[in-house]
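This briefing goes through one protein chain, topic by topic. Please keep the sequence and the model at hand while reading.

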Amino acid sequence: MINLNNKKILLIICGGIAAYKSLELIRLLKKDGVSIKTILTKSGAEFVTPLSISSLSQSKVYQDLFSIENEAEMDHISLSRWADLILIAPATANTISKLANGSSDDLASTVALASNKKIFVAPAMNVRMWEHQSTQQNIAKLKAYNYELIGPEIGDMACGEYGKGKMSEPNEIVNKIKIHFKNSKVKNKLKAIVTAGPTKEYIDPVRYLSNKSSGKQGYEIAKSLSKKGFETTLISGPTNLVVNNDINLIKVETAEEMFQSTLKNLPADVAIFSAAVCDYKVKKTSKIKIKKQDEMSLELERNVDILDYVSNHNSLRPNLVVGFAAETNDLENYANKKLDEKNCDWIIANDVSNKSIGFNSDFNEVSIFFKDKKKDTLKYKSKSEISDELVEKIIDHLN
Ligand code: CTP
């Protein structure tokens, strides 16, 4: 396992009984050679003292946003630039809400908002607070903003209740941080391309052929790749989804535009073709709006198969090419057929006849079919979790 020697971590300690665990966290990080600076929030100081933190971390504890002494020595921007990584442990419901809404009314939230670094958040709160819809919405926002969650865990709480909300144990948090540095070390230079969403094939300026793809799974895969340090390009057909600036998002409409954009962004180490590209385009698109007629027929022709083209290209083919298969029946058979015919390394297949994992759902269950005829299944879970697991498999494969 990787050593954290010489890494710089800015630890933000918020108010909560779990704050006592941060002292053990500091001890473990120091043992591993980490340089630590700490921000202690006002309510955090009700649970642990600046003196105990500073003795263990052998460094200054920052508490005020408007402190002349701090601003002269290291202001809030410099603090976030100094760190290789920011860790908020414990993170209270209140701080999570501030981060989700872009507040900056104390030093901790201001530093997080001004940060250009990876931020890990280890929540700790009562089970009802954790399960409350507002907290869950804030957590979803944090994930979308590329914060990395650690825990919380299920167990007995200090308040006497039982459930999810306990802060992860310090050694678990340190392990997650080690994995992050290990992956970013290996992955820094690797490039990934993801296609996502539907395409539109125009009949005339106002009408088009398309399909029901939401693009959600592809966007989540791009986010997971980017989180793990891949330089990620997401080539997307029309969707309402958003990603942050870490991902190079290229918006296209037609299959031809998606094809050209994919070629432009190759070579890459891994390419994941999750887009639901229309198989056909209209042979002659009208430049003006077509008027009603008693009878109307459209002549269609095949679009280029982007996956097939890239996967069979001598010089442009990435090391790992992954295709998708959305099927309503005979999943295994069709997936293996696509794997062979399109010469890809993996096919990720899902059963779109099942509404709960269908096109617009936030959840999915997929089977991965490999070239050597092995098969793996990622059971029913959120598309975001499916993507994280998939990217772990991609990293293992590339390693
Ligand atoms: N694909 C592509 N370019 C196309 C068509 C498909 O890159 N013009 C990719 C998709 O992104 C996906 C896989 O190929 O990874 C889907 O295979 P495909 O055979 O096109 O699936 P379907 O359109 O569902 O085909 P069929 O109706 O024959 O099952």
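At what angle do helix H5 and helix H8 pack, and how far apart are their axes? In this predicted model, H5 (residues 93-101) and H8 (residues 133-144) pack at an angle of about 50 degrees, and their axes are 9 Å apart. The chain holds 14 helices and 20 strands. The points below start with the chain as a whole and then turn to helix pairs, the sheet, a hairpin and individual residues.

**The chain as a whole**

- Along the principal axes, the C-alpha atoms fill a box of roughly 80 × 50 × 45 Å.
- Of the 399 residues in the chain, 50% are buried.
- Among contacts with a separation of 6 or more, 66% are between residues 24 or more positions apart.

**Helices H5 and H8**

- From H5, the contact takes in Ile96, Ser97, Leu99, Ala100 and Asn101; from H8, Asn138, Ile139, Lys141 and Leu142 take part.
- Sorted by class, the residues of this H5 and H8 contact are five nonpolar, three polar and one charged.

**Helices H1 and H2**

- Helix H1 (residues 19-31) and helix H2 (residues 50-57) have axes that come within 9 Å and cross at roughly 15 degrees.
- Angles under 35 degrees count as roughly parallel, and H1 and H2 are therefore roughly parallel to each other.
- The crossing of H1 with H2 is right-handed.
- On the H1 side the contact involves Leu23, Ile26 and Lys30, and on the H2 side Ser52, Ile53, Leu56 and Ser57.
- The contact of H1 with H2 comprises four nonpolar, two polar and one charged residues.

**The eight-stranded sheet**

- Eight strands make up an open sheet with mixed pairing, in the order S13-S12-S9-S14-S17-S18-S19-S20.
- Strand S13 (248-251) and strand S20 (375-382) are the edge strands, each pairing on one side only.
- From one strand to the next, the twist averages 15 degrees.
- Helix H14 (residues 383-398) packs on this sheet and touches S14, S17, strand S18 (346-351), strand S19 (363-370) and S20.
- Phe273 has Gly323 in S17 as its bridge partner.

- Strand S7 (residues 153-156) and strand S8 (residues 162-166) are paired in the antiparallel sense over four bridges.
- Gly155 is opposite Gly163 in S8.
- Five residues separate S7 and S8 in this hairpin, and Gly160 in the turn has a positive phi of about 100 degrees.

**Cis peptide bonds and positive phi**

- Most peptide bonds are trans, and most residues other than glycine have a negative phi.
- Gly151 and Pro152 are joined by a cis peptide bond with omega about 5 degrees; Pro152 is in the loop between strand S6 (148-149) and S7.
- Leu266 and Pro267 are also joined by a cis peptide bond, with omega about 5 degrees, and Pro267 is in the loop between helix H11 (255-265) and S14.
- Gln58, a residue other than glycine, has a positive phi near 55 degrees. Its place is the loop between H2 and strand S3 (61-62), and at 64% relative accessibility Gln58 counts as exposed.
- Lys373, a residue other than glycine, has a positive phi near 75 degrees. Lys373 is in the loop between S19 and S20 and is exposed, with a relative accessible area of 52%.

**Asp330**

- Asp330 is in the loop between S17 and helix H13 (331-341).
- Its relative accessible area is 47%, so Asp330 is partly exposed.
- Asp330 and Asp351 are 21 residues apart in sequence, and their C-alpha atoms are 9.2 Å apart in space.

Key
Residues are numbered from 1 along each chain as its sequence is written. This is a predicted model: local features need pLDDT of at least 70, side-chain atom pairs count only at pLDDT 80 or more; totals for chains, interfaces and linings use all residues. Side-chain values use heavy atoms; hydrogens and water are left out. Two strands pair if DSSP finds at least two bridges between them. Helices (H or I, at least four residues) and strands (E, at least two) are DSSP runs, numbered from the N terminus. Axes are lines fitted to C-alpha atoms, for helices over the stretch in contact, and angles run from 0 to 180 degrees between N-to-C directions. Contact means heavy atoms within 4.5 Å. Angles under 35 degrees count as roughly parallel, over 145 as roughly antiparallel, 65 to 115 as roughly perpendicular and the rest as oblique. A crossing is left-handed if the near helix is turned anticlockwise from the far one by less than a right angle, and right-handed if clockwise. Ala, Val, Leu, Ile, Met, Phe, Trp, Tyr, Cys and Pro count as nonpolar, Asp, Glu, Lys and Arg as charged, and the others, Gly among them, as polar. Buried means under 20% relative accessible area, exposed over 50%, partly exposed in between (1.4 Å probe, protein chains only).
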